[in-house]
Every structure is written in C-alpha cells, then in structure tokens.
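Dear colleague,

Please find below the structure I promised to hand over, together with its sequence.

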Amino acid sequence: MIRSFTICLFFGLLLFSCKGEKQQESAPEGTEVSIKYAKGFRITRFDGYTLVEVRTPWPDAKKGITYLLTEKGADVPENLDYDLKINVPIQSLVVTSTTHIPSLEALGVEDRLTGFPSTKYISSEKTRKNVDEGRVKELGNNESINTEMLLDLQPDVVIGFALDTNNKAYETIKNSGIPVVFNADWVEETPLGKAEWIKFFAPFFDKQAEADRIFTHIESEYSRARALTQDIKERPVVLSGAMHKAVWILPGGKSWAAQFIKDAGGSYPWADTEDTGSLFLSMESVLDKAAPADFWISPTLFDSYTALEKANPHYTQFKPFQNKTIYTYSKTKGDGIGMLYFELGPNRPDIILKDLIRIFHPDKLPDYEPFFFKPLNP
C-alpha cells in the first residue's frame, strides 16, 4: 500500500513537473531592444505586442510602470504583467515637454500631435508651423493643463512627465479613459542617455528601425567628435552658470552638462563633486575657484556683457568677462519664445559637443559653425 502510494506520488510529481516545463516552454520569448546609455526605460518586443517599462517615472519613484502596447488582433497572454494597455500604432497624441517634440519630428510623426501646454515655447520648425496653422491646440500649462480641452481632443495617449505622484490633471485624464504615459528623459544623467529616449517613442508608432538608425547616427557623431579631444593634455578651465537671486547655480560634477565640458576637452573646477543635478554656491566661492577660467559658458539667460555687468558688477572680475570669452545658448531661438537648446539640445548632444569643441579647441573643428552656443553681445 505504501509502495503504491509512493509510485502514485512519484508519477504525480513527474506529471506536475512536466506540465510546469510545458508551460514554461510555451511562454512567449521577447526580443529586448538594445538600450546602451539610457537607464530609465526598457523595451521588449513580442509577436504583435511590446512591453515598455519606465523604470523611474519620477525621481525617487518606488517602482516602475510597465505599458503594454498591442497591435490590432494581437494574441496577448492572459497572465501578462503590466500596468496600462495601449493600442498601437497611435494616430493622435498630446505631449507635455518641448524635449518630446524633436523625437516626433525625427520619426516623421509630428502631424499626429494635436495638443500641447504652452505652445508659445515650441520652436521646432515643423511643429511650430502646425501650431501657427491651428493643428496643435493650446492646452494651458503643465501646472494646470486645461483638461476640458484635452478631453475634447480625445488623443490616443498623453505623454507626460512628473516630479512626483501628485498631479491632479493626469488623474483626471486617466479617469476619463485616456492613457497617460510617463516619459523620464529628463532624469537621465548622460548626454547620450537623454538622446536614446527617441527609442522610447518608436513602438508607439511602429518606427523602431527609424529610431535605431537615428540614434546610431547621433551616437556615431558624438563619439567621433569626442575622439578629437581625448589626447589633449592642456585643457582650458571652463566656468558655467550664473547667479540667481543669492546663489550661483552651476552643473554638478556628475551632471550631463559637466560631461559635455569633459568630452569637449575642457577642465571643470567642480568635476570632482558627486552631484548629478545642480550646485548652489555663493559668488565668493565661485570667484575663489574660477575667476581665472579660460571660458564661461551658459551664463543662464544673459545675452550681453552689458546685461551681465548691470546684473552684478562682480561678474567683471572673471577673466572670461575681461577677455570676452563667454558663450551663451540664449541667442539661438526659433519662432517661439522658447530656446532651441532646451528643446532640441537633449535630443542632439552631438551638436552641443561640436559647438563646445569649436569654442575650446578651434583647431579641431576649423570649418564647423556652432549652432547653439554663440558669443555674448557687447
């Protein structure tokens, strides 16, 4: 009797094991998209559907969000783990950051954008034209999106960004049945990491091949430019930022802005700090460390030496002010009131890098004309 029970138990366990193996073997195997630099998202493709995982939708997020993108008629496993389902390819959308727009234009889907908060800040040429011709509706601003107008548009999806979980407008949109997808490109800490978010947009439009090709070109151009400065021994000292009220705001040593200075062959006085965002320092401490700098870039929104001196006479104590070696992005604008540096810059780090190399080491790119960074006006 015991022997019979043992045999039955053995075959029962064997049968259970076989069933488990069969289930495991029949589970679909996806193909993970190559993401080399960006840390904030992951894409896995399956037959007829795609999983897009945003790992850190906002700073200090406790968990990520997984979006299921399904094609028409796709056979999706019932036990698939995801947070939100979206039918693709999408035909209309609303985005909430100007940094999203260059990706849409690069992928050739800017005509699917139907609404945007604060359209006056859009400078990208194709989308600016759509705004001016009424094809992109004004939706207020990010802090208080006009949800009534947005709901009238009935976009297939809203691409948002958030500082935390508290956004009543997004909750209203989600409760109405319109999917809200969080894009966290701004959380990335490296130039190529930010630019790689073009791959995040690709599966919403079935544009994977185009996104891969575009990013490969950007990566190649960035790498080729960076190689020009790797053997340089004498690196000019570079100051950045300016005073805002009582503090000087400048890039932390592990920020993407500091990475640009390093890759362009410059020496940054605060490169040894661990901050990935901004530093907040006194005028005295900046003067003490960077008064003899060779160059000064990104003096916030100042576009002339006259404006700088008027704002704070202490600026004149810096060598770049005296030698007229200050360069700004504030003079490069499109038809909107926004600045192309903040809109296109995160998507095209190769252009920013070439600009800085041309400024710091003009012999390395003698025929290159900087696009973003221009000399300060008198």
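In what follows, Ala, Val, Leu, Ile, Met, Phe, Trp, Tyr, Cys and Pro count as nonpolar, Asp, Glu, Lys and Arg count as charged, and the others, Gly among them, count as polar. Please bear in mind that this is a predicted model.

I begin with the cavity. The structure holds one cavity of 30 Å³ or more, and the volume of the largest cavity is about 30 Å³. Its lining consists of Val33, Ile43, Arg45, Lys199, Ala202, Pro203, Gln208, Ala211 and Asp212. Strand β2 (41-46) and helices α7 and α8 are the elements that each give two or more residues to this lining. By class, the lining of the largest cavity divides into five nonpolar residues, one polar residue and three charged residues.

Helices α7 and α8 also meet each other. The axes of α7 (residues 198-205) and α8 (residues 208-227) come within 8 Å and cross at roughly 160 degrees. Angles over 145 degrees count as roughly antiparallel, and α7 and α8 are therefore roughly antiparallel to each other. Their crossing is right-handed. On the α7 side the contact is made by Ile198, Lys199, Ala202 and Pro203, and on the α8 side by Gln208, Ala211, Asp212, Ile214 and Phe215. Six of these contact residues are nonpolar, one is polar and two are charged.

Helix α8 has a further partner in α14. The axes of α8 and α14 come within 8 Å and cross at roughly 20 degrees. Angles under 35 degrees count as roughly parallel, so α8 and α14 are roughly parallel to each other. The crossing of α8 and α14 is left-handed. Helix α8 contributes Ile218, Glu221, Tyr222, Ala225 and Arg226 to the contact, while α14 contributes Pro349, Asp350, Leu353, Lys354 and Ile357. This contact has six nonpolar and four charged residues, and no polar ones.

Finally, I turn to the largest pocket, which holds about 1000 Å³ of space. It is lined by 39 residues, of which Trp256, Ala257, Ser278, Tyr341 and Phe342 are the closest to its centre. The elements that give two or more residues to the lining are α7, β15 (247-251), α9 (256-263), α13 (340-343) and α14 (349-360). Helix α9 gives the largest share, four residues. By class, the pocket lining has 21 nonpolar, 14 polar and four charged residues.

With kind regards

Definitions and conventions: Residues are numbered from 1 along each chain as its sequence is written. This is a predicted model: local features need pLDDT of at least 70, side-chain atom pairs count only at pLDDT 80 or more; totals for chains, interfaces and linings use all residues. Side-chain values use heavy atoms; hydrogens and water are left out. Axes are lines fitted to C-alpha atoms, for helices over the stretch in contact, and angles run from 0 to 180 degrees between N-to-C directions. Angles under 35 degrees count as roughly parallel, over 145 as roughly antiparallel, 65 to 115 as roughly perpendicular and the rest as oblique. A crossing is left-handed if the near helix is turned anticlockwise from the far one by less than a right angle, and right-handed if clockwise. Contact means heavy atoms within 4.5 Å. On a 1 Å grid over the protein atoms alone, a cavity is a set of points where a 1.4 Å probe fits but cannot get out, and a pocket is an open set with protein on both sides within 12 Å along at least five of seven lines; lining residues have an atom within 4 Å of a point. Grid points are joined across faces, edges and corners, and a volume is the space filled by probe spheres set on the points.
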